[in-house]
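Open the model in your viewer and keep the selection tool handy.

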Amino acid sequence: MTVAIVRFGGSNCDRDAARALAHLGIDADLVWYEDGLPEGTTGVLLPGGFSYGDYLRAGAMAARTPIMEEVREAVSEGVPLLGVCNGAQIGCESGLTPGIFTVNEGARFQCEPVFLRVENGETPWTRAYEEGEVIELPIAHGEGRFEATEEELATLEREGRILFRYCDREGRVTDEANPNGSAGNVAGVVGDSERVAVLMPHPERATLPDLGRTDGVGVLRGFAES
Amino acid sequence: MTAYTATVTVRLKSGVLDPEAETTRRALERLEFDLDALRAADVFEIDLEADSSDDAERRAREMAERLLANPTIHDYEIAVRERE
C-alpha cells in the first residue's frame with residue numbers, strides 16, 4: 001500500500017499529509033506532478049496549497065495536467081483518492097467529484113477550526129465515525145464555498161454522497177455555522193465511487209497528537225479501509 | 001490562414017453569488033457612487049490564426065469548454081474579429 005501524495009507547484013500541505021499518514025502507519029510517497037504516477041500506486045492524495053497560484057480558478061490548472069489523466073485511470077481501476085482543500089478544488093475541477101469550490105461568501109480567507117457533522121458514516125473515509133457525530137477540523141481557504149446545481153445537490157443528498165456538513169458544536173446545521181456560504185453547508189463529498197472523496201477541512205492537520213485534536217485520523221484511515 | 005482575435009467573456013450564471021463583485025460594489029458606494037448592481041466578468045482575448053471566423057470561434061469555444069469556464073457556475077460568450 002503506497003499512497004502517492006501529488007505535489008504541484010504551490011502545494012504546501014504535502015509534507016503535513018506525509019507525516020500524518022506515516023503516523024498512522026500508511027506508506028506514502030511525495031510525487032512531483034511532472035514525474036507521473038508511480039507504478040504500484042494504491043492510493044492518491046491531492047494535498048492542500050495553492051497550485052498554479054490559484055490562477056483562473058483554484059485547482060483549474062492542476063486538474064488539467066497530464067498526471068491527472070493517470071490519476072483518473074487509477075481511480076477508474078478502484079484506487080482510492082482523497083482531495084484536501086486545494087486537492088478538493090482540483091478534484092472538482094477535474095470532474096472526479098461533482099460541483100465546485102469557489103470564493104467564500106465573505107470574500108475572505110478563513111483559517112479557523114470548524115465543527116462538522118458526519119452525514120454518512122458508511123464510506124471508507126467516515127467509517128471511523130457515527131452518522132450524526134460532530135467532529136472538529138481546521139479550515140484554511142479563500143475558495144471553499146461549495147456550489148452545485150440544485151439537481152446535483154439533490155442527487156448527492158439522495159445517494160448519501162455528502163460526507164460532512166458544517167454545523168455548530170451541537171451538530172445543528174445552520175447558516176451561522178456555515179463559514180463560507182457553502183450550498184447545503186456541504187464541506188465534503190464523494191464522487192461516483194465512494195472511494196473518491198474531497199473535503200475542504202484539513203484532516204492531516206488534526207492527526208498528530210502533538211498538535212492537539214486528532215479528529216482527522218478517521219478520514220485518513222480511509223486509505224487503509226478502501 | 002487569417003489572423004483573428006477571439007474574445008471569450010466568462011460570467012457567473014445568474015443567481016450565483018459573487019462576493020468579489022459585491023465587495024467592489026460596496027467599495028464604490030463608499031466612494032459615494034450611486035449604483036443599483038455590479039457584475040464582474042473575466043475577459044480573455046485570444047490571438048490565433050484560423051481558416052475562417054467559424055474555425056476561430058470553434059477553437060475558442062473548445063478552450064472555454066475545457067478550461068476557461070466551469071459549467072457549474074459559468075456562462076460564456078465568444079466574439080471573433082479579424083486582427084490587423
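## Stop one: the cores

Start with the largest nonpolar core, which has 44 residues; the members that touch the most others are Leu21(A), Leu45(A), Leu82(A), Leu116(A), Phe146(A), Phe164(A) and Phe223(A). Bear in mind as you look around that this is a predicted model.

Now select Leu45(A) and show its surroundings. Leaving out residues up to four places away in sequence, Leu45(A) touches Val3(A), Ala4(A), Ile5(A), Val6(A), Ala17(A), Leu21(A), Leu82(A), Leu220(A) and Phe223(A). Apart from this core lies another one, of 20 residues, including Ala4(A), Met68(A), Ile90(A) and Val196(A).

## Stop two: helix 2 of chain A

Next, colour helix 2 of chain A, residues 66–76. Which of its residues are buried? They are Ile67(A), Met68(A), Val71(A), Ala74(A) and Val75(A). Look down the axis of helix 2 of chain A: these buried residues fall within an arc of 115°, so they line one face of the helix. The face turned away from that buried side carries the exposed residues Pro66(A) and Ser76(A).

Then show what covers the buried residues of this helix: among the elements of chain A involved are strand 1 (3–7), strand 2 (28–32), strand 3, strand 4, helix 3 and strand 11. After helix 2 of chain A comes Gly78(A), with a positive phi near 100°.

## Stop three: helix 3 of chain A

Move on to residues 86–93, which make up helix 3 of chain A. How many of its eight residues are buried? Eight of the eight are, and the helix is mostly covered. To see them, select Asn86(A), Gly87(A), Ala88(A), Gln89(A), Ile90(A), Gly91(A), Cys92(A) and Glu93(A). They pack against strand 3 (43–46), helix 2, strand 4 (81–84), strand 5 (100–102) and strand 11 (196–199) of chain A. Following helix 3 of chain A is Gly95(A), where phi is positive, near 85°.

## Stop four: aromatic rings

Show the aromatic side chains next. Over all chains, there are seven aromatic pairs. In one of them, the ring centres of Phe50(A) and Phe109(A) are 6.2 Å apart with the planes at 35°, so the pair is tilted. This pair links distant parts of the chain, 59 residues apart: Phe50(A) is in the loop between strand 3 and helix 2 of chain A, while Phe109(A) is in the loop between strand 5 and strand 6 (110–118) of chain A. Phe50(A) is partly exposed at 36% relative accessibility, and Phe109(A) is partly exposed at 46%.

Now select Phe101(A) and Phe146(A): their ring centres are 5.3 Å apart and their planes are at 55°, so this pair is tilted. Phe101(A) belongs to strand 5 of chain A and Phe146(A) to strand 8 (residues 145–147) of chain A, so the pair ties together parts 45 residues apart in sequence.

For an aromatic cluster, pick Phe8(A), Trp32(A), Tyr33(A) and Tyr52(A), which form one together.

## Stop five: where the chains meet

Bring chain B into view. In this interface, 17 residues of chain A are in contact with 14 residues of chain B. The two chains bury about 1,200 Å² between them, 64% of it on carbon and sulfur atoms. How many salt bridges are there between chain A and chain B? The count is zero.

Centre on Ala60(A), in the loop between strand 3 and helix 2 of chain A. Its relative accessible area is 0%, so Ala60(A) is buried. Setting aside neighbours within four places in sequence, Ala60(A) is in contact with Glu93(A) and Leu67(B).

## Stop six: salt bridges

Finish with the charged side chains; over all chains there are 25 salt bridges. Arg7(A) and Asp14(A) form one of them (2.5 Å, N to O). Arg7(A) is partly exposed, at 28% relative accessible area, whereas Asp14(A) is buried, at 5%.

In chain B, select Arg61(B) and Glu57(B), whose side chains meet in a salt bridge (2.8 Å, N to O). These two are four residues apart in helix 2 (residues 53–68) of chain B, and are separated by about one helical turn.

Key: Residues numbered from 1 in each chain as written. Chains lettered and ligands numbered in written order. Predicted model: local features only at pLDDT ≥ 70, side-chain atom pairs only at ≥ 80, totals over all residues. Heavy atoms only, no water. Buried < 20%, exposed > 50% of the residue type's maximum accessible area, 1.4 Å probe, protein only. Contact = heavy atoms within 4.5 Å. Core = buried A, V, L, I, M, F, W, Y, C linked by side-chain atoms within 4.5 Å. Arc of directions from axis to C-beta. Phe/Tyr/Trp six-rings, centres within 6.5 Å; stacked < 30°, edge-to-face > 60°. Buried area = accessible area lost by both parts, 1.4 Å probe. Salt bridge = Lys/Arg side-chain N within 4 Å of Asp/Glu carboxyl O.
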